[in-house]
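Here is a friendly walk through one model, meant to be read with the viewer open. Please have the sequence at hand as well.

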Amino acid sequence: MTRPSLTSDESFRTLTAKMKHYEVEILDAKTKDKLCFLDKVEPNATIGEIKSMFHKSHPQWYPARQSIRLDPKGKSLKDEDVLQHLPVGTTATFYFRDLGAQISWVTVFLTEYAGPLLLYLMFYFRVPFIYAPKYDFTTSKHWVVHLACMCHSFHYLKRLLETLFVHRFSHGTMPLRNIFKNCTYYWGFAAWMAYYINHPLYTPPTIYGEQQVRMALVLFLFCQIGNFSIHIALRNLRPPGSKTRKIPYPTKNPFTWIFLLVSCPNYTYELGSWLGFTLMTQCLPVAFFTAVGFIQMTVWAKGKHRSYLKEFRDYPPLRSPILPFIL
C-alpha cells in the first residue's frame, strides 16, 4: 500500500514541527560581551519568559530591571512579544540594558500622593515651628481656608483610592529614582501652597468675594467628578491582568462625552480642578503649580495622542491631545 504524498502545507508543518527549539544569545548592549546563552528555547516563548530564564543566570537583574532589544540602540521589546514572531533566525541575538533598580507604580503613587495630604494638614492645623509660636494650633477666621483644606484633602484622598482600586497599570514598575523626583515635585508644591493659604496673614479673594469662591468650588467639584469618570472608563477598557490597548470612546456617562474631542480628558479635567482651586484661593503658588502641571500634562497628552494615531488607523481625527480644537 503506497503512502500518500504530503501537500506543500503539510510539508511546511512537518518541517516546522522538527524545528522545535531556538538558540538565544544575550549580549551587553554597551560592550557587546556575551552575557547568556539559552539552548532549546521554545518557539512560542515570550520575551517575558526569556527574561525569567536570563534572571536565573544573573540574579542581580530581575525581569522588571531588564530591557531586551533586537538592536543595541533600538526600542525595548514587549514582554508579550513571541520569539517565533520576531525577525530572528533559529539562533536569536538580543541585546540587554540594565534599567536600574525598579519600584512599583502603586508604591510610587501612594507615596507621592500621601505626602501632600499630610503636609497640607500640618500647615492647616498650624503645628509648631511653622508659624510664630502664638499661632500654634490656632484656626483661620476665613471660611475659604477651611474649604480649601477640604478640597485639597478630597483631591488627594481620591487619588490614593483610585491608585488602590481603579487604576490598571500597563507597566508594573518604574525606575526607583523617579520616586525622589516625583515626591520633590508634589510634596514641595503642597508645602509651598499650604504655607500661604493657611498663613495667619492670608487674605481671601476680595474682588468678587464669596461669589468667586462658590463658582470656583463648582468648577473644582465638576472636574473632580469628570476626572474620576474618565479613570473608570479607561479602567473598563483593560481587563484585569491584561495590557490590551483600545480606543477610548464616550459611554453613557455624560462626563465621558468629552472623548469626542480630546484624547486625554483626564488631564483636561485635572487642569480644570486646579484652575478652580486657583480661583478659590487666589494664591500665587497655586497658580504656579497649575501652570507647571498644565505644561507637564500637555507633554504627556501629546505623547499619548501620537501613540493612539500610530497604533490605530481608525483613530477619530477630530480629537486634540488635551484642549478641544486648541492643543
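## Glutamate 162 and its surroundings

Leaving aside neighbours within four places in sequence, glutamate 162 is in contact (heavy atoms within 4.5 Å) with His167, Asn227, Phe228 and His231. Glutamate 162 belongs to helix H4, which covers residues 143-165; helices (H or I, at least four residues) and strands (E, at least two) are DSSP runs, numbered from the N terminus. With a relative accessible area of 3%, glutamate 162 is buried, where buried means under 20% relative accessible area, exposed over 50% and partly exposed in between (1.4 Å probe, protein chains only).

This is a predicted model, in which local features need pLDDT of at least 70, side-chain atom pairs count only at pLDDT 80 or more, and totals for chains, interfaces and linings use all residues. Residues are numbered from 1 along each chain as its sequence is written, and side-chain values use heavy atoms, with hydrogens and water left out.

The protein chain has a mean pLDDT (the predictor's confidence in each residue, from 0 to 100) of 90, and 94% of its residues reach 70 or more. Over residues 12-18, however, the pLDDT is below 50, and this stretch has one contact in the model beyond near neighbours in sequence. Where pLDDT is low, the predicted coordinates should not be read in detail.

Now to strand E1, residues 22-28: six of its seven residues are buried. Its pairings follow; two strands pair if DSSP finds at least two bridges between them.

| Partner of E1 | Bridges | Direction |
|---|---|---|
| E2 (residues 34-41) | five | antiparallel |
| E4 (residues 91-98) | six | parallel |

Glutamate 25 has phenylalanine 37 as its bridge partner in E2, while leucine 27 has tyrosine 95 in E4.
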